[in-house]
Amino acid sequence: MSDKETLFSAKNRELLLGPLSKNNPVLVQILGICSALAVTAKMEPAIVMALSVTAVTAFSNVILSLLRNTIPTRIRIIVQLVVVAALVIIVDQILKAFAYEVSKQLSVFVGLIITNCIIMGRIEAFALGNKPWPSLLDGIGNGLGYGLVLVIVAFFRELLGSGTLFGVKVIPQIFYDWGYQNNGLMILPPMALMLVGLIIWVHRSKNKDLIEQK
Amino acid sequence: MNKQGNTYTFIYSIVLVVVVAAILAIVSLSLKPYQDENIENEKRQNILSSVNVSSTPENSAELFNKIITKQFILNYKGEAIEGNAFAVDIPTEGKKLQKALKNPELQKALKDGQLLSETIKDNKALMDIKFPVFVADIDGAIKYILPTYGVGLWGPVWGYISLNEDKNTVYGVLFDHKGETPGLGAEITQPFFQKQFSGKTIFENSSLKAITVKKGGNATGAHEVDAISGGTITSKAVETMIADYLKCYEQFLKQIQ
């Protein structure tokens, strides 16, 4: 990548927008599924989780991209872990200070961002070989790509499972009077896995080039 | 300098760790006041919830000051101890009690019908534990709120239990837990479980019965509630925690009665 490239050249735009669809970390690379199942029962924690992961991927990508020429190869992974762990602790502390309720709902899953393979994957695959600016775009893109799936799954789970969105009732009472019931299965983790599966199905049938040739 | 050499690697890792530690220390110190406030608000909300007053983090302090008219600390003999009851850290005191209860003499005394202060004259470990009491004024009626803390299946369980002015009838309860099994033991936080406690009595002919959880959905007695199906160990933990704490508060509960 040459220095003369503009900030939002076609290549850089692809870094930011690619992970939202054709290169989505959850839908195409099937990474970060564990937390996608755990925090998507409601919209609010899903969005907070999405923002937290985006912040961590973006900052860890930038910091490690800045350090990439100084890191001794032998302790490369340890250095990555220290940076990611520090960022996750900062995110956790900020949530505890300013979004206490949500941080209780997310509980251990904030700490487990460290183990989200999207983060380490992007650092290894991209940040260590690229300049800070593309790394930042790549980090934001992948974080948002992950977040997008989280929000879509959470939307259906909260709507069908609790009849609410962001805790506000959206299904009118008259439906319940006619015999409609919330689907309790939606609240449970297996349904998140099925929803992710359905989204992958729809996504692949829209993007034929993702389907492997036999 | 050789970037792959040992010296460079050592220096690099030391500098990295020191820098990261410093950043984390700064973040932690600067956010501490906000976090403490959140924890205090949650405690106020929990205490208010045990007298069936719902509050938000924003109005909890105001409501708490309005409803809680008095607070004081007791020891197991029912004597007042100096200090701020709200500032008493329930988990710390709870763990001290758990430790003190390992004493077999105390275990026996707990099951005994006698007052704890009569059977256990001088137990240093027990003497050391602070038992806070909050007095609430709900539309002119006095309620006593007692904190409790115990051991669940996976981690601590705790709660607040509020009694009517007769110090016998339960007015409301609140339970919470650190990590009980979702859908099973964790259901102790649900209203369907907590609502059962209202109206139950803890004394029978002035002997302390506390409240027992019963399996099989046939809890009909004045001191019984239904356990949670699949959450037996957690339900039992709640029972034990209430029994232990009420025993320690017995002297206070028997005053005036």
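Colleague: Which residue stands opposite Tyr149(B) in S5(B)?

Modeller: Keep in mind that this is a predicted model. S4(B) and strand S5, residues 156-163 of chain B, run antiparallel and are joined by 8 bridges. A hairpin of 4 residues links S4(B) to S5(B). Across this pair, the residue facing Tyr149(B) is Trp158(B).

Colleague: Thanks! How many residues of strand S4 in chain B are buried?

Modeller: S4 covers residues 141-151 of chain B, which makes 11 residues. A residue is called buried if 20 or more other C-beta atoms lie within 10 Å of its own. By that count the strand is mostly covered, and the number of buried residues is 8.

Colleague: On the S3(B) side, which residue in the turn has a positive phi?

Modeller: Strand S3, residues 131-138 of chain B, pairs with S4(B) in the antiparallel sense over 5 bridges. Ile138(B) stands opposite Ala141(B) in S4(B). The hairpin leaves 2 residues between the strands, and the one with a positive phi, about 50°, is Asp139(B).

Colleague: Stepping back, what share of the residues in chain B is buried?

Modeller: Chain B has 8 helices and 10 strands, and its C-alpha trace spans about 85 × 45 × 40 Å along the principal axes. Of the 257 residues in chain B, the buried share is 34%.

Colleague: And how many nonpolar residues are on the side of chain B that touches chain A?

Modeller: The contact takes 15 residues from chain A and 17 residues from chain B. On the chain B side, 6 are polar and 1 is charged, while the number of nonpolar residues is 10.

Terms used:
Residues numbered from 1 in each chain as written. Chains lettered and ligands numbered in written order. Predicted model: local features only at pLDDT ≥ 70, side-chain atom pairs only at ≥ 80, totals over all residues. Contact = placed C-beta atoms within 7 Å. Nonpolar A, V, L, I, M, F, W, Y, C, P; charged D, E, K, R; others polar. Buried ≥ 20, exposed ≤ 12 C-beta atoms within 10 Å, placed from the backbone. Pairing = 2+ DSSP bridges.
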